[in-house]
Amino acid sequence: MSRGMNSLPTARRGRTYEQVGANDKRGINAICSVILIVLLLLVPPIILLASERARHTRYITLSDALNSDIVELNQKSMDSRSLRSIPPGTLVHGTSTHIDTISTDHEMGISIPGALTLKRTTEYCQWTEIQSQDCQTCERTVKARDGSTKQEKYQCNCITTYNYIKGWKSFKINSLLFDQPGAHHNPQRDPMPSTTFVGDDVTLKFHEDITSTDDNDKSNSNPRVNKGTTTSSVSAKLDPNMLSTGVRNQPWRNVDFVPRGKAPPPSFFSRLVSFFGLSSYRSRTRYEPLQLLKDAPNSPAAIEDNFVYVGQGGYFFSPYESSTASKLFNYFAQYLEGSLFDYQLGDLIGLGSCTAGDIRFYYSVKDPNEVSVLGQIRAIDDGIVQITPRVLRGVGNEKDSSVGLVHSGKHSAEDMLLAEDSDSRTKATVIRVVLFLWSIAASRLVGVAVGREIGDSSLVVQVEAAMGLFSTLVGWLWLIIWGASMHTYGFIMAGLYLAYLSYNSSSKKGSGRWYVAVWSKIAQWANLAPEWRQEDSYVPSPKSVGRDDERTKLS
């Protein structure tokens, strides 16, 4: 008999290790830590470069569209003769309340009428390892190559504890590197990964007069029908690529399949939430009749992986069935790690929990009643306009240089382009904020390369160093990508000035080769043993000492 879907989490306590002495890393752990830190130092600038190029491409593309002639499909004079006179490649814009489409997941045999996009969100029952470490702070003397020494604080006498929690995750977790992988094995099967489907054969009608419809005054299963007064209309089909980035301003609505497609009576909690003017789960859910699942039992997912509809919020569930060989191998692994007879209270509670390897998923849709579209005419067949994204060649990648917009609600072409520009600017700003956080660590690395210890300086100096590096790097990227401007030069000059201030005010560091100092700092962040990160000297160079003494006398 097949198991049902359970959502109760399970917790188990793992092993505890006590390490006497320094908590330094050596061997493969040290190498992996260094590689991770190097990647964290190299990847953010690369991401920033890609982000700034994408922002530039998007700005050029949207500006070109804003300055182009855009034909309105909702105008009164638009008829079949006017349509035939529009050359292919022309940008067109229109707002429609008649949306005829259906989104389908063929693997599960599910079709949702009226949905422009259908998203399948998959969750996996997996063990999660939580490592906690409690260490003391000790002090030791480290020696440089020239025999000079300094005092250094380090972690020592650490107690490391492992705990495990089993529950539903939106991603798979590799358990091979767990402390006890046998007792907490995570199968990696993934027959139905998360996927987004776009509507098939999306047909829109652009009427002369547009009246918005009410979300509550429609059937979930029927296409959207215009309720305004119309005198003429233009039919159009959307290319699937128009929906590749989704529908802006339209939230996802979870799909729940219930008898006759009627929403269940609201619970006390839902009524309480609505009383305070908040949005409840019920108001964000689209209810469909169970009849839409008639093809699900014969779908590939049901036949090959035993997926069945279990409800509980619109979930489809597939239990994990381990083979005899896999069970024997897992028992052997538990015997080797000493967990074969490690029974805990969590194991009894876990009888009502999911089994690692179980999979469930649910659907959500974007099904607006009214959309505004902006794209180019590809062709006109039998009086039906074929709308596809317009790609501006030679300015960047195809995604950022294309204009194929679908927004929920009634919006002018100019408003749609300005909204897309705002989204692009926001994304670029988020990346810049992340890079500023990166600059805090990177400025310390640059500091040791020039004989300065930024981390031991005052907070003001640390902020100056981080902002100086950030402004200089961003300014140079803007100069390369956007070209020369007063804004760009001002950013670069401000960055160089802040870097100069931080250099003059920061704590001096020992003399030596710059690459040795950089390696020592990275190795220190990676918690490597002192013999792996020995510096040339801890004695400041005479040049630095003289310069600092001169500043002291002048002050």
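Predicted model: local features only at pLDDT ≥ 70, side-chain atom pairs only at ≥ 80, totals over all residues.
**Helix packing, a disulfide and a cavity**

Residues are numbered from 1 along each chain as its sequence is written, and side-chain values use heavy atoms, with hydrogens and water left out.

**Helix 1 and its partners**

- Helix 1 covers residues 27-66 and helix 7 covers residues 413-449; helices here are DSSP runs of H or I with at least four residues, strands are E runs of at least two, and both are numbered from the N terminus.
- The two pack at an angle of about 160 degrees with axes 9 Å apart; axes are lines fitted to C-alpha atoms, for helices over the stretch in contact, and angles run from 0 to 180 degrees between N-to-C directions.
- Helix 1 passes helix 7 in a left-handed crossing, meaning the near helix is turned anticlockwise from the far one by less than a right angle, with clockwise being right-handed.
- Their contact has 16 nonpolar, two polar and nine charged residues (Ala, Val, Leu, Ile, Met, Phe, Trp, Tyr, Cys and Pro count as nonpolar, Asp, Glu, Lys and Arg as charged, and the others, Gly among them, as polar).
- With helix 8 (residues 459-481), helix 1 packs at about 40 degrees, the axes 11 Å apart, and that makes helix 1 oblique to helix 8.
- The crossing of helix 1 past helix 8 is right-handed.

**Disulfides**

- Searching the whole structure turns up three disulfides, each a pair of cysteine sulfur atoms within 2.5 Å.
- One of them joins Cys125 and Cys354, with sulfur atoms 2.0 Å apart.
- Cys125 sits in strand 6 (residues 117-143) and Cys354 in the loop between helix 6 (345-349) and strand 15 (359-366), so the pair ties together parts that are 229 residues apart in sequence.
- The link of Cys125 and Cys354 is right-handed, with 75 degrees about the S-S bond.

**Cavity**

- The whole structure has one cavity of 30 Å³ or more; on a 1 Å grid over the protein atoms alone, a cavity is a set of points where a 1.4 Å probe fits but cannot get out, and lining residues have an atom within 4 Å of a point.
- The largest cavity holds about 50 Å³ of space, a volume being the space filled by probe spheres set on the points, which are joined across faces, edges and corners.
- Its lining includes Val142, Lys150, Glu152 and Arg533.

Conventions:
1 Å grid on protein atoms, 1.4 Å probe; cavity = no way out; pocket = protein on both sides within 12 Å on 5 of 7 lines; lining within 4 Å. Parallel < 35°, antiparallel > 145°, perpendicular 65-115°, else oblique.
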